Amino acid sequence: MLLENYVPALLFLCIATGIGLVLMSLGFMLGRGEKSDAKLSPYECGFDAFEDSRLKFDVRYYLVAILFIVFDLEIAFLFPWAVALDTIGLFGMVAMLIFLGVLVVGFIYEWKKGALEWD
Amino acid sequence: MANQLQQLLGQFLPEPFDWLVLTVLQIVALIICVILCVAYLTLAERKVIGYMQSRIGPNRVGPGGFLQPFADVIKLMLKEVIVPNRSNSFLFVVAPLLAIVPALATWAVIPLFPGFVIADINAGLLYVLALTSLGVYGILLAGWATNSKYALLGAMRSAAQIVAYEIAMGFALVGVLMASGSLNLGDIIEAQSGGVSNWFAIWLFPLFIVYFISGVAETNRAPFDVAEGESEIVAGFHVEYSGIAFAVFFLAEYANIILIAALTSVMFCGGWESPFAGWEFLQGTVFAVIANPSLAWFAVKIAFFLFCFLWFRATFPRYRYDQIMRLGWKIFIPVTIVWIVVECGMLLLKIGPWGTVL
Amino acid sequence: MAEQIIFYAFSCLLIIAALGVVVSRNPINAVMSLVLCFVTSAAIWLLLEAEFLAMILVLVYVGAVMVLFVFVVMMQDIESATLSARFAPNVWPGLVVGAISLAELLVVVWVRREGLPIAAVPEPHPADYSNTLELGKILYTQYVYAFELAAFLLLLAIVAAIVLTMRERPGLKKQNISQQVSVRKEDRVRVVKMEPESDA
């Protein structure tokens, strides 16, 4: 059955989580110490923190994330294609080459627009 | 051996439970192996880089420094875990867990030697990709929950970098899939059987290089370690982590390194296959055993790639951030796309050992 | 039996996580609840033997889309966002949308029931059945137009993202690598022959 093979993976996830939890709680139990304000204050080269650390970031990070989503989707389309390649034959191959061609146009547009520059 | 153990367990336990207990034992054994590998990878790192820089490296704890990792672990265990007063304490504690769980759980689908894999699932490769894509949350949340500028900057840098290289990795894996025709990691290894000339590392050489270098970048290792660039942002996302919380991040990072080494050997270097398989003249000699597929070959390959990780760290100066992004987006992605098209041509012209397609 | 236990466990988790998305005041908690939602729904899809879709759900939504969400939330000023968040004003529109979605689901289920043996449990597939392969077999042949249309949609997404977010910042000094690489000695160094100034 298809699903039976997933049971060990699920078990593995649970055990990995369990081991992580055990390690963390062991550390919290063993490593006790005095708490003080100076110790618990955020690290900023010996100063008190001037302000809250959340700061506005360059919009470029969003752009990278959006482009990542698009390319990730593209890869998601490539996986079943690569697996089924020997049954779908030349027709499927050409279909994918057109698909890739369209996206390469987008990629070139990004490149020329400078969306891939990081400066 | 697994069968004997299952028979033994079967004497005490009813039907499905003997299997369950056996699986749990195997998983725990594998995780302990991975953790031990991490421990000795840290020692190897310090020793190898030490010798590369004409130093000796750790040599005080145990013979030749052999027990150093245990000393480190015990020290980290006993250190106080500091949760900074302006942090989001729940997420601060959860973040290391989010880093460690995917790093360990991906091992479920890695075939270790012929006929042994803990979860033999069809979509093994997708499972690997899905879990490794979760690893970024540990870093992002750690950076955010800490509420420190250094941590936040480190997390953002690391996330944007991981994201860029994940695409290159995905495309490289599509090339592997085209050649193997299966998402199951065991089948991918089988597709490379028959000696070194059938390895995908030969036929998909550009993808192999792209995959491995992307792996180095994904794990935030030198020369791509701007996420913790100590000369700029102190330690990046784990600047406030101490004691066991830091150790768990450390464990996750090194488990990921070993994972990348293992995946590179599975995808491109035939996993447990021997490079000498199919060498007829070896048969009947004492060397026949080295032509057999075995766990030893897999371990040798992993060790080689791990050595490369350490070697890179000792050799290359750190990349600048814009250079990292350029390498990922402008070099690796075009290279992989071009090679996928080339591979289409190879399949059509029946070049390469897998020429059964079409 | 075990399958049902797993199903109900994940369903409960899914509902709790979904409630967490709506109820939590801190945006980052809401985003993490949404991540948990996606992961648990992937597990439920897996129970339906849709392994490809389950994995892609985690890969694309959790691995990519939610990373964008986290980026957005991380860059907000959380303290003020938390304080200004009011649950009540959004309740009614939310309830209306929820009710419409529920009605749509019920209609779909009702319509499907007319012709299909919906109550029958499909036969479990053998272990070597590959969902991905079956999908690949039809996606690039039978549904090839839809597939190519997807390429244009993705192209549109790329262009839209760039048009909306690209801003040229003035005064940037950029590194031009091809210029750097192609530089020659003559461009940079001028060798000047000159007489000695004194013979001392």
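Which residues have the most contacts inside the largest nonpolar core?

1. In this predicted model, the residues with the most contacts inside the largest nonpolar core are B:Leu126, B:Val248 and B:Ile258, and the core itself has 202 residues. Helix H6 of chain B, spanning residues 149-180, contributes the largest share of this core, with 23 residues, while chain C also takes part, since at least three residues are drawn from each of its domain 1 (1-78) and domain 3 (128-165).

2. For B:Ile258, leaving aside residues up to four places away in sequence, the residues touched are B:Val34, B:Cys37, B:Val38, B:Leu41, B:Ile302 and B:Leu306.

3. Turning to the chain A and chain B pair, 52 residues of chain A are in contact with 62 residues of chain B. On the chain A side, helix H1 (6-30), helix H2 (37-40), helix H3 (60-83) and helix H4 (85-113) each supply at least two residues, and H1(A) gives the most, with 18 residues. By residue class, this side of chain A divides into 38 nonpolar, 9 polar and 5 charged residues.

4. Between chain C and chain B, 13 residues of chain C are in contact with 15 residues of chain B.

Conventions
Residues are numbered from 1 along each chain as its sequence is written. Chains are lettered from A and ligands numbered from 1 in the order in which they are written. This is a predicted model: local features need pLDDT of at least 70, side-chain atom pairs count only at pLDDT 80 or more; totals for chains, interfaces and linings use all residues. A nonpolar core is a set of buried Ala, Val, Leu, Ile, Met, Phe, Trp, Tyr and Cys residues joined through C-beta atoms within 7 Å. A residue is buried if 20 or more other C-beta atoms lie within 10 Å of its own, exposed if 12 or fewer, and partly exposed in between; C-beta atoms are placed from the backbone. Helices (H or I, at least four residues) and strands (E, at least two) are DSSP runs, numbered from the N terminus. Domain bounds come from an automatic or database domain assignment. Two residues are in contact if their C-beta atoms, placed from the backbone, lie within 7 Å. Ala, Val, Leu, Ile, Met, Phe, Trp, Tyr, Cys and Pro count as nonpolar, Asp, Glu, Lys and Arg as charged, and the others, Gly among them, as polar.
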